[in-house]
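Thanks for coming, everyone. Let me put the model on the screen, and then we'll go through the sheets and the ligands.

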Amino acid sequence: MKFGGTSVADIDRIRNVARHVKREVDAGHEVAVVVSAMSGTTNQLVAWCEAASLLFDAREYDAVVATGEEVTAGLLAITLQDLDVNARSWQGWQLPILTSDAHGSARILEVNGEELIRRFRERKEVAVVAGFQGLHKQTGRITTLGRGGSDTSAVAIAAAIRADRCDIYTDVDGVYTTDPRVVPRARRLDKVAFEEMLELASLGAKVLQVRSVELGMVHNVRIFVRSSFEAPDKIDPHGHPPGTLICDEGEIMEQQTVTGIAFSRDEAQISVRQVQDKPGVAAAIFGPLAETNINVDMIVQNVSADGKTTDITFTVPAADYQRALDVITKAKAAVGYARLDGATDVAKVSVIGIGMRSHAGVAALAFKALAERSINIRAITTSEIKFSLLIDAAFTELAVRTLHSLYQLDNAAV
Ligand code: ADP
Ligand code: ASP
Ligand code: MG
């Protein structure tokens, strides 16, 4: 059972979470719990690091931001004990949850779940694990898993204790066809295939961290996204509560062509103008970006009209925009270009669905619908089960709503 930031925002909500846990324990289920920091806490901790120094040491950043979850784990253990549930908090280093040393975005390498299983079996002791954090074995330092990382902690622990299911309790009652805060007509999905969820999450739907879905897929952990705001005592612990199951494609009976729409405003566009149209130019641009650890997403290159020069346009995370411009400016002599243009007021809207594998013309419908609303498309990428469009950020919501209706995802009842 994992509870996100809004679900543990204050003591009353933590008590509410404790009741959810107690319900499952009373029903005879063996559980382990993972918690996030109280909502707003991690942002505050990050802001303090930035205020302390713009060039903060990533190891100390982790030492600071990992504390949010430690508070909640202790508080939930206290409230559980108050309800006569035997409970004990665990920080990442105590289990331990071993990770890589990529501070700020570490990967989980190993989790030992045996002690948790033993304690539950012997004395019904519920483990309350601080999410988002781990330990780098060689240096012995605290690491964190990247924003939203408690989801990943939860799936990793579920795998380690060989859980039947990993329930992600959050502030929505499942995964929707798109962010329900932006499109009120969004529909809750009963089941979503791992592969689709991977795309939804990596293209902007922040309901699950991408790595949690990856882990679920690799270790075959069924993930169930559900609401923590339902009255804990009204739920039948043996029944079928509302929510979304992330599972193997084979478990899903009827498959729509389009499952959902994701969007991200954290994009920036860079256009390198009038580069030589000859072998080695792309390598000269993208090599240095890769060496600087900047993730390039969409890439568009025109065929040159005169056989001499062309433009290359690509996108990077908005946070890396300035760095990327610097890298390309430094590489100017090696690349050979006339001008560098960029924009940060862009957004990426993506349409996802396994059904696209077997249907032609799905993207063409989108181009037409957006054109009818005079929304210009700056770049396009496609893959087997998704396509993404780069547009002006101002049109994000209009584009998402337009595509949501176009692919018949609207909830008729709203
Ligand atoms: P938590 O604090 O519980 O981890 P998050 O804020 O990380 O919660 O994730 C839940 C939020 O994800 C929802 O409030 C919702 O606004 C957003 N979200 C974005 N896309 C979707 C989607 N397709 N389905 C459901 N929620 C979504
Ligand atoms: N507290 C961390 C964050 O805000 C991790 C999480 O909530 O999943 O990113
Ligand atoms: Mg989250």
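First, a term: two strands pair if DSSP finds at least two bridges between them. Helices (H or I, at least four residues) and strands (E, at least two) are DSSP runs, numbered from the N terminus. With that in place, L98 stands opposite E110 in β5.

Some ground rules. This is a predicted model, in which local features need pLDDT of at least 70, side-chain atom pairs count only at pLDDT 80 or more, and totals for chains, interfaces and linings use all residues. Residues are numbered from 1 along each chain as its sequence is written, chains are lettered from A and ligands numbered from 1 in the order in which they are written, and side-chain values use heavy atoms, with hydrogens and water left out.

Back to the sheet that holds β5. It is open, with 4 strands in the order β5-β4-β7-β8 and mixed pairing. β5 (108-111) and β8 (141-144) are its edge strands, each pairing on one side only. From one strand to the next, the twist averages 45 degrees. Axes here are lines fitted to C-alpha atoms, for helices over the stretch in contact, and angles run from 0 to 180 degrees between N-to-C directions. β4 (residues 97-99) and β5 run antiparallel, joined by 3 bridges. Helix α6 (residues 150-160) packs on this sheet and touches β4, β5 and β7 (133-136). Contact means heavy atoms within 4.5 Å. The direction of α6 makes about 40 degrees with that of β5.

Now the other sheet. It is open too, with 8 strands in the order β3-β6-β2-β1-β9-β11-β12-β10, and the pairing is mixed. Why do β3 and β10 each have one side without a neighbour in the sheet? Because β3 (87-90) and β10 (191-193) stand at the edges, each with a single partner strand. β9 (residues 166-170) and β11 (residues 223-227) pair in the parallel sense, over 5 bridges. C166 has I223 of β11 as its bridge partner. Helix α5 (residues 114-123) packs on this sheet, touching β3 and β6 (126-130), at about 170 degrees to β3. Helix α7 (residues 194-202) lies across β10, β11 and β12 (244-247), running at about 85 degrees to β10.

On to the ligands. Which residues are closest to ligand 1? T170, D171, Y176, D179 and R181, out of 17 that surround it. A residue is near if one of its heavy atoms lies within 4 Å. By class, that shell has 6 nonpolar, 6 polar and 5 charged residues. A side-chain N or O atom of D171 is 2.8 Å from an oxygen atom of ligand 1. A backbone N or O atom of Y176 lies 2.8 Å from a ligand 1 nitrogen atom. K206 brings a polar side-chain atom to 3.3 Å from an oxygen atom of ligand 1. Alone, ligand 1 exposes 570 Å², and the protein buries 90% of that. Those areas come from the Shrake-Rupley method with a 1.4 Å probe.

Ligand 2 is surrounded by S36, A37, T42, E69, F132, R147, G148, G149 and S150. A polar side-chain atom of E69 lies 2.6 Å from a nitrogen atom of ligand 2. S36 has a polar side-chain atom 3.0 Å from a ligand 2 oxygen atom. A backbone N or O atom of G148 lies 2.8 Å from an oxygen atom of ligand 2. On its own, ligand 2 has 260 Å² of accessible area, and the protein covers 87% of it.

Terms used. A polar contact is a pair of N or O atoms within 3.5 Å; within protein, one must be able to donate a hydrogen and the other to accept it, and residues adjacent in sequence count only if both atoms are side-chain atoms. Ala, Val, Leu, Ile, Met, Phe, Trp, Tyr, Cys and Pro count as nonpolar, Asp, Glu, Lys and Arg as charged, and the others, Gly among them, as polar.
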